[in-house]
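This briefing is meant for a reader who is meeting the structure for the first time. It takes up helix packing, and then turns to the spaces within the protein.

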Amino acid sequence: MLRFGILSTAKIGRELVVPAIQDAENCVVTAIASRDLGRAREMADRFSVPHAFGSYEEMLASDTIDAVYIPLPTSQHVEWSIKAADAGKHVLCEKPIALKSADIDSLIAARDRNKVLISEAYMVVYTPVWKKVRELLSEGAIGRLRHVQGAFTYFNRDAGNMRNIPALGGGGLPDIGVYPSITTRFVTGKEPQRIQAVTERDPEFGTDIYSSVKADFGDFEMSFYISTQMASRQVMVFHGTEGFIEVKSPFNADRYGAEEVELSNRSHGHSQIFRFPDSRQYKLEAEAFADAATGGASEVVTLESSKRNQAMIDAIYRASEKDCWETV
């Protein structure tokens with residue numbers, strides 16, 4: 001059993017990841033850390049976790065854990081991932097693990113010198129939904145892939161929310177722009193070559209709140225938009241010469257609709273629907289990470305893949321400042 005320590009009492013950990021780890025087959029939460037010991041103890045008691053620490057450093061120095069899950073504000077991800085790795089702990093860090101692709105080089109160095117696993121927490125790549133899309137594309141179910149279309153939007157103007165605070169790594173692209181890119185790269189095995197984009201920033205917060213993106217992957221094109229100030233929507237469509245694949249609830253499984261993949265033929269006269277009820281993506285993520293950390297063969301998100309994904313986000317920002325293609 002891989003023993004996890006949770007670095008902070010953040011909402012995503014409380015509501016999604018800690019319950020998933022506790023329900024997993026090969027890992028368990030044995031410690032909670034917070035800068036407020038009372039909050040750490042409260043969360044530990046809620047999940048029957050035996051150890052609570054009043055500082056992150058104290059937990060990292062403890063032999064009660066083998067790995068950490070980091071749901072801190074984005075601006076702190078690189079710093080604490082390195083500190084955890086230097087303490088000899090495996091690291092599962094919330095996305096985005098960094099705000100610039102170049103910053104991931106220091107994480108790769110920390111991973112290699114400490115011989116630990118550091119992985120960015122893209123729960124989507126562990127789901128049967130996205131594995132099915134990859135399988136359908138690889139077997140040629142829609143012929144030649146020509147275009148990928150996507151959208152991911154929600155509405156949030158809470159000034160106190162970290163997503164709206166630049167100093168904490170807020171912004172639409174870091175928060176949700178990473179999902180159309182990671183999933184497309186995952187299912188196609190291809191990398192974007194160049195980008196065109198338009199990005200709008202909130203005049204009060206200064207964070208990016210809307211981006212419309214066109215990406216050239218060489219073999220196919222991709223277009224998507226994301227926003228933190230639009231009505232909630234999620235969709236991904238893979239359109240080929242012989243048909244198309246639509247992913248109904250692509251990123252937040254079962255929260256924006258059913259966990260379904262629909263395959264339609266060229267004339268739209270025949271379709272197949274593949275349903276994956278209650279896939280429990282965070283549990284699958286925890287189990288794959290724990291297996292890989294303990295020497296198993298499970299596929300996880302590598303830092304090298306994270307660096308390439310962040311390079312695409314970096315290119316979107318650069319492309320938004322000019323009226324031409326930007327090389328990734």
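In which sense, left-handed or right-handed, does H6 pass H7? The crossing of H6 past H7 is right-handed, and, as with everything below, this comes from a predicted model. Two packed helices are described by the angle between their axes and by the distance between those axes, and the points on packing follow that scheme.

**Helix H6 against helix H7**

- The axes of helix H6, which covers residues 128-138, and of H7 come within 8 Å of each other and cross at roughly 45°.
- On the H6 side the contact is made by Trp130, Lys131, Val133, Arg134 and Leu137, while H7 brings Thr183, Phe186, Val187 and Thr188 to it.
- Sorted by class, the contact of H6 with H7 has five nonpolar residues, two polar ones and two charged ones.

**Helix H7 against helix H9**

- Helix H7, made up of residues 172-188, and helix H9, made up of residues 303-319, have axes that come within 10 Å and cross at roughly 120°, which makes H7 oblique to H9.
- H7 passes H9 in a right-handed crossing.
- From H7, the residues that make this contact are Leu173, Pro174, Gly177, Val178, Ser181, Ile182 and Arg185, and from H9 they are Ser305, Arg308, Asn309, Met312, Ile313, Ile316 and Tyr317.
- The contact of H7 with H9 has, by class, eight nonpolar, four polar and two charged residues.

**The largest pocket**

- The largest pocket holds about 1100 Å³ of space, and its lining consists of 40 residues, of which Lys11, Ile12, Met162, Arg163 and Asp175 lie nearest its centre.
- Helix H1 (11-23), strand E7 (145-155) and H7 are the elements that give two or more residues to the lining of this pocket, and H1 provides the largest share, with five residues.
- By class, the lining of the largest pocket has 18 nonpolar, twelve polar and ten charged residues.

**The cavity**

- The count of cavities of 30 Å³ or more comes to one, and the largest cavity has a volume of about 40 Å³.
- Val124, Thr127, Val129, Trp130, Ser249, Pro250, Phe251, Ala253, Glu259, Ser279 and Gln281 line the largest cavity, and these residues divide into six nonpolar, four polar and one charged.
- Trp130 belongs to this lining, and Trp130 is also one of the H6 residues in the contact with H7.

Methods
Residues numbered from 1 in each chain as written. Predicted model: local features only at pLDDT ≥ 70, side-chain atom pairs only at ≥ 80, totals over all residues. Heavy atoms only, no water. 1 Å grid on protein atoms, 1.4 Å probe; cavity = no way out; pocket = protein on both sides within 12 Å on 5 of 7 lines; lining within 4 Å. Points joined across faces, edges and corners; volume = space filled by probe spheres on them. Nonpolar A, V, L, I, M, F, W, Y, C, P; charged D, E, K, R; others polar. Axes fitted to C-alpha atoms, helices over the stretch in contact; angles between N-to-C directions. Helix = DSSP H or I, 4+ residues; strand = E, 2+ residues; numbered from the N terminus. Parallel < 35°, antiparallel > 145°, perpendicular 65-115°, else oblique. Left-handed = near helix turned anticlockwise from the far one by under 90°. Contact = heavy atoms within 4.5 Å.
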